[in-house]
Amino acid sequence: MKKLLISISLLGFCLFGAFAAEFSLGGYVGSVVEQSTEKDYGTTLTGLPQFGITLNVDFENFGFNASFGIDFLAQSWKNNVGNNVKSNTSNESILITPYIPFRYKKFMFTFGPTVGLKFYQYKFVNTTTDYKRNIHWLYVVFGGEFETRYAITDHLKAFLNLGLFTDSGIVETKREQTGLSNYELSKFRWVSNNLYFVPKIGVVYTF
């Protein structure tokens, strides 16, 4: 029994040594610059601020980067008939990027493909007529990221992350609208009408 426990312990230490990893956790600020093309509205270019957190697991020759980001836009205006209207748009993104690292002194460069989900909510209110609309969508996200990381100290690192993504799949998950009943939600479909660039800067703490 003692020999078996020693053998298992040695095997565990060997595996841990072979796959030892650094864990980093931090936050970032960035922006979402999107270009989308709609048949009825043409091509539009928008930019939104984004805030989020990132978790990094770094092995010797590969790693994983996971991020959770939030971007939003709030507007209010008078429409062409003089009614006061408001709209709120928000997105929550969960992205995972496996990567290959390249190290040079205090720098680390990584790149890899990205897959994830984006949760989109849109609320519209006409305060003059009390008309309301609340729509939720779920997107499947594909793309890729390139990141440059610099070691400020042994534990604190600053990074610049550049991501290019597209919302390739979409399904409607909720629709509430004044005067609308028995509405059938749109089914999942593949799309290819948007592309957006997300630059991010932030800091992480390595444990």
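Predicted model: local features only at pLDDT ≥ 70, side-chain atom pairs only at ≥ 80, totals over all residues.
Let me begin with a charge over a ring, meaning that NZ of Lys or CZ of Arg is within 6 Å of the ring centre and within 35 degrees of the ring normal: lysine 118 lies over the face of tyrosine 139, at 5.1 Å from the ring centre. A second case is lysine 200, which sits over the face of tyrosine 28, at 4.6 Å from the ring centre.

Residues are numbered from 1 along each chain as its sequence is written, and side-chain values use heavy atoms, with hydrogens and water left out.

Tyrosine 139 also brings us to the largest nonpolar core, whose eight residues are Val85, Tyr120, Tyr122, Phe124, Ile135, Trp137, Tyr139 and Ile170. By a core I mean buried Ala, Val, Leu, Ile, Met, Phe, Trp, Tyr and Cys residues joined through side-chain atoms within 4.5 Å, where buried is under 20% relative accessible area, exposed is over 50%, and partly exposed is in between (1.4 Å probe, protein chains only). Two or more residues of this core come from strand E5 (107-126) and likewise from strand E6 (131-151), strands (at least two residues) being DSSP runs numbered from the N terminus. Another core lies apart from it and has six residues, among them Val32, Val141, Phe165 and Tyr196.

How many aromatic pairs does a search of the whole structure find? There are 12, counting rings of Phe, Tyr and Trp (its six-membered ring) with centres within 6.5 Å, and calling planes under 30 degrees apart stacked, over 60 edge-to-face and the rest tilted. Phenylalanine 62 and phenylalanine 64 make an edge-to-face pair, at 6.1 Å centre to centre and 90 degrees between the planes; phenylalanine 62 is partly exposed at 36% relative accessibility, and phenylalanine 64 is partly exposed at 39%. The rings of phenylalanine 165 and tyrosine 196, by contrast, have centres 5.9 Å apart and planes at 45 degrees, so this pair is tilted. Because phenylalanine 165 lies in strand E7 (residues 156-177) and tyrosine 196 in strand E9 (residues 194-206), the pair ties together parts that are 31 residues apart in sequence. Phenylalanine 165 is buried at 3% relative accessibility, and tyrosine 196 is buried at 6%.

Finally, to return to lysine 118, what does serine 93 contact beyond its neighbours within four places in sequence? With contact meaning heavy atoms within 4.5 Å, serine 93 touches Ser67, Phe68, Gly69, Leu117 and Lys118.

Definitions and conventions
Helix = DSSP H or I, 4+ residues; strand = E, 2+ residues; numbered from the N terminus.
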